[in-house]
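Here is a short note for a colleague who is opening this entry for the first time. Please read the points in order.

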Amino acid sequence: MSDGADSFVFQYLAPFVGVLLIAVGIAGAVPGGYAIIEPELENCGNPTIGVEGPEETAERFGGDEGPRLPQVTFEDLSSAEQTAFLTAVDDPVDEEQVVGSVPNADAFRRGSIVTYEGERYYVTLVAENTCFAAAPLQFPLGVFAIALGFLGILAPPLYRRLVRLEQRAGRSK
């Protein structure tokens, strides 16, 4: 049969360690799983630009005299930047995500003036939208820790069942 030390280990210590393993497993599996699916969400790696209209730009920089910002014409923008620029101009929030190539990202990061149809627009990068990075084994190790934790929690009922089977086997002899 069993002694008190085995009973304590299987009744209290194994479930406690199991709960700790589940908590650690969740902490590893959730961000690890998110890092796996994030590139499919179309937000990862696509910066967001903000565009101020000609009135706001003139008010901010005082017409032609202002800080020396990079000057870019609309035609010099990539097709993805042009699409995002035009969408942001019509957007009530004046922001749009650039989906595609962003060769003017450095100019947008510092803030730049884009000339479009004779008007000057202040364009800046408002969000980088970088991808979340996680260790490659973070998700599988998290799932493994969760599974191992469930085994720890299930140890007491399994232990009691094995003790009952042992007792029945001892009586049948």
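1. The radius of gyration is taken over C-alpha atoms, and the globule rule is 2.2 Å times the number of residues to the power 0.38. By that rule a compact globule of 173 residues would come near 16 Å, but the chain has 30 Å. Its C-alpha trace spans about 100 × 25 × 25 Å along the principal axes.

2. This is a predicted model, where local features need pLDDT of at least 70, side-chain atom pairs count only at pLDDT 80 or more, and totals for chains, interfaces and linings use all residues. Residues are numbered from 1 along each chain as its sequence is written, and side-chain values use heavy atoms, without hydrogens and water.

3. The chain has 5 helices and 5 strands (DSSP runs numbered from the N terminus: helices H or I, at least four residues; strands E, at least two). From the N terminus the order is α-β-α-β-α-β-α-β-β-α.

4. Buried residues make up 34% of the 173 residues. Buried means under 20% relative accessible area, exposed over 50%, and partly exposed in between (1.4 Å probe, protein chains only).

5. Two loop residues deserve a look. D94 lies between α3 (79-90) and β3 (95-97). Its phi is near 65°, a positive value in a residue other than glycine. D94 counts as partly exposed because its relative accessibility is 27%. N129 sits in the loop between β5 and α5 (138-172). Phi of N129 is near 55°, again positive in a residue other than glycine.

6. E119 is in strand β5 (residues 119-127). With 38% relative accessibility, E119 counts as partly exposed.
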